[in-house]
Amino acid sequence: MEELQMGASEGSYTVRQQEQARNKRLEETQETRGKGSRERPWEQKRWQPRPRDVDTMEPEGHGLAKMMGCRLWTATSKALFVEFLATGLYVFFGVGSTLHWPLALPTVLQITITFNLATAMAVQITWKTSGAHINPAVTLAFLVGSQISLPRAVAYVAAQLTGATVGAAVLYGVTPGDIRETLGINMIYFTGCSMNPARSFGPALIVGKFTLHWIFWVGPLTGAVLASLIYNFILFPDTKTLAQRLAILTGTEETKKLVALKPEKESQSSSEDSIPKSVCQVI
């Protein structure tokens, strides 16, 4: 009898221990859920900044300056390349039409049509990117009318002269010596009706003939300045202030336009869930 009582008491004690252990585990589970799930140290992932996080950590002024500089460099390099290419093609085909080909001597009408077609082609491929100057006189007219900055104008003229020189050099290399002669310099009395200093400079540099070359610069540039003044200040007066003209001349107006485009770009990127890509890859 005593043995039965002792066994019953031991059994009840074991059941009580199991219940206490179960209750303790339940309490631990509830505490864990209340505090939130905790990851073990070896399960914790290290935080790695994404491209967006890196951009936000950089100073805002530095990131904005980098973005604006990148955009300016991209737009300017494209404009310079198309001015170089278009001026080279213009000189190659235009000057090529003035040479004394053995089959038939070109007439003035044929030369005029060729130059006009070359001009139309050059304007068609450059007007969206650079404004289709293709002529230092046109670039100077834009500068006087506060339509372009001084650094960009100087770069345009350099690209045009380089393109004209390359075009004349290619024409000189593919044309027989008895045909190319002076590459059309002063073929028509005195000036040859050249109203493009780049078109005159390229062949003159390749041939090495600069007789009265200053006329091909003074005449077109003077006419461009007078035409720009008459158009922008007399016929169609511009409402730009002196401060705005100075900003355009120094190139700061382009930077202001890029700053104005930044909020629009941020609003578009915030609506997208994807990570924005870099503005440019230096070009």
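Leaving aside its neighbours within four places in sequence, which residues is Val91 in contact with? The answer is Gly96, Ala164, Gly167, Ala168, Leu171, Arg199 and Pro203, where contact means heavy atoms within 4.5 Å. What you're looking at is a predicted model, in which local features need pLDDT of at least 70 and side-chain atom pairs count only at pLDDT 80 or more, while totals for chains, interfaces and linings use all residues. Residues are numbered from 1 along each chain as its sequence is written, and side-chain values use heavy atoms, with hydrogens and water left out.

**The big picture**

- The chain has 11 helices and 0 strands; both are DSSP runs numbered from the N terminus, with helices being H or I over at least four residues and strands being E over at least two.
- Read along the sequence, that gives the pattern α-α-α-α-α-α-α-α-α-α-α.
- Of the chain's 283 residues, 29% count as buried; buried is under 20% relative accessible area, exposed is over 50%, and partly exposed is in between, using a 1.4 Å probe and protein chains only.
- Take the contacts in the chain with a separation of 6 or more: residues 24 or more positions apart account for 73% of them.

**The cores**

- The largest nonpolar core has 17 residues; such a core is a set of buried Ala, Val, Leu, Ile, Met, Phe, Trp, Tyr and Cys residues joined through side-chain atoms within 4.5 Å.
- Inside this core, the residues with the most contacts are Tyr90, Val91, Val95, Leu99, Ile134, Leu171 and Leu183.
- At least two residues of this core come from each of H3, helix H4 (108-126) and H6.
- Apart from it lies another core, of 5 residues, with Ala79, Leu143, Ile148 and Ala153 among them.

**Where H5 meets H6**

- The axes of helix H5 (residues 136-144) and helix H6 (residues 150-174) come within 9 Å and cross at roughly 175°; axes here are lines fitted to C-alpha atoms, for helices over the stretch in contact, and angles run from 0 to 180 degrees between N-to-C directions.
- That crossing makes H5 roughly antiparallel to H6, a label for angles over 145 degrees, while under 35 is roughly parallel, 65 to 115 is roughly perpendicular and the rest is oblique.
- On the H5 side you'll find Pro136, Thr139 and Leu143, which meet Leu150, Ala153, Tyr156, Val157, Gln160 and Leu161 in H6.
- By class, the contact of H5 with H6 has 7 nonpolar, 2 polar and no charged residues; Ala, Val, Leu, Ile, Met, Phe, Trp, Tyr, Cys and Pro count as nonpolar, Asp, Glu, Lys and Arg as charged, and the others, Gly among them, as polar.

**H8 and its partner H9**

- Helix H8 (residues 197-207) and helix H9 (residues 215-235) pack at an angle of about 170°, with their axes 9 Å apart, and are therefore roughly antiparallel to each other.
- Pro197, Ser200 and Phe201 of H8 make the contact with Phe216, Trp217, Pro220 and Leu221 of H9.
- Those residues divide into 6 nonpolar, 1 polar and no charged.
- Within H8, Pro197, Ala198, Arg199, Ser200, Gly202, Pro203 and Ala204 are buried.
- Asn196 caps the N-terminal end of H8, with a side-chain oxygen 2.9 Å from the backbone nitrogen of Ala198.
- Just after H8, Gly208 takes a positive phi of about 80°.

**Two serines in helices**

- Ser77 sits in helix H3 (residues 60-96) and counts as partly exposed because its relative accessibility is 21%.
- The side chain of Ser77 reaches the backbone oxygen of Thr74 at 2.9 Å.
- Ser77 and Thr129 are 52 residues apart in sequence and 10.0 Å apart in space, C-alpha to C-alpha.
- Ser228 lies in helix H9 and is buried, with a relative accessible area of 4%.
- Leaving aside neighbours within four places in sequence, Ser228 is in contact with Ala141, Val144, Gly145 and Phe233.

**Loop residues with a positive phi**

- Most residues other than glycine have a negative phi.
- Ser146 isn't a glycine, yet has a positive phi of about 55°; its place is in the loop between H5 and H6, where Ser146 is buried at 9% relative accessible area.
- Leu212 isn't a glycine either, and has a positive phi of about 50°; its place is in the loop between H8 and H9, and Leu212 is partly exposed at 38%.

Note on methods:
A polar contact is a pair of N or O atoms within 3.5 Å; within protein, one must be able to donate a hydrogen and the other to accept it, and residues adjacent in sequence count only if both atoms are side-chain atoms.
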